[in-house]
Amino acid sequence: MSFRDRKGVSALRDDVAAFAGFLLNLLEEKNGKIRELLANEKAVLSKLASHDRDGAEDLLTENSELIESIDLLNYDMSENRRSLSAILGVESSSVDATLAGDDSNEGKKYKSLLDETNAVLSECIAKADEITVLLEKELNETGKSIKDCEAIRRVKDLTGISFDS
């Protein structure tokens with residue numbers, strides 16, 4: 001189903017344009033939040049590499065807040081897609097593809113922003129995986145340090161040797 005009126009004007013129908021415009025605004029906001037998340041993830045990797053655990057923890061807390069706001073945007077976008085699907089007569093899951101496939105200026109902008117957002121999101125996922133690997137490595141090293149400290153304490157308890165200077 002086309003968004004155009006019967007004359008084929010390169011613009012979305014008014015009823016669709018309002019919802020599509022709102023959805024586009026939400027997508028732009030989501031894109032900005034995801035870019036912010038990506039920047040933070042890169043900073044977290046840098047902080048972890050330099051052993052600045054406190055700085056990394058602060059950024060990870062900020063990331064949790066960003067993810068929560070992205071989830072809220074996703075909810076709003078989902079509600080908007082449901083409204084659009086009713087108007088367009090397509091499944092809710094097909095609204096993005098339908099909008100992105102339209103040849104209007106709005107459709108082209110939507111497709112471009114959708115592609116950009118998906119690319120940034122993929123990069124976020126890759127960075128999150130890198131962070132997970134580094135955190136697991138830190139955890140393993142911390143576990144080894146704890147075991148070493150416990151072994152030293154046991155030796156001290158058994159021998160009475162003091163390690164204090």
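Guide: Of the 165 residues in the protein, 30% are buried (under 20% relative accessible area, with exposed meaning over 50% and partly exposed in between, for a 1.4 Å probe and protein chains only). The model is a predicted one, in which local features need pLDDT of at least 70 and side-chain atom pairs count only at pLDDT 80 or more, while totals for chains, interfaces and linings use all residues. Residues are numbered from 1 along each chain as its sequence is written, and side-chain values use heavy atoms, with hydrogens and water left out.

The loop in question lies between helix H1 (14–49) and H2, and His 51 is found in it. His 51 has a positive phi of about 60 degrees, although this residue is not a glycine. Helices here are DSSP runs of H or I with at least four residues, strands are runs of E with at least two, and both are numbered from the N terminus. The protein has four helices and zero strands, in the order α-α-α-α from the N terminus on.

Over the protein the mean is 84, with 89% of residues at 70 or more. Residues 1–10 stay under 50, and the model has 23 contacts for them beyond four places in sequence, a contact being heavy atoms within 4.5 Å.

Definitions and conventions. pLDDT is the predictor's confidence in each residue, from 0 to 100.
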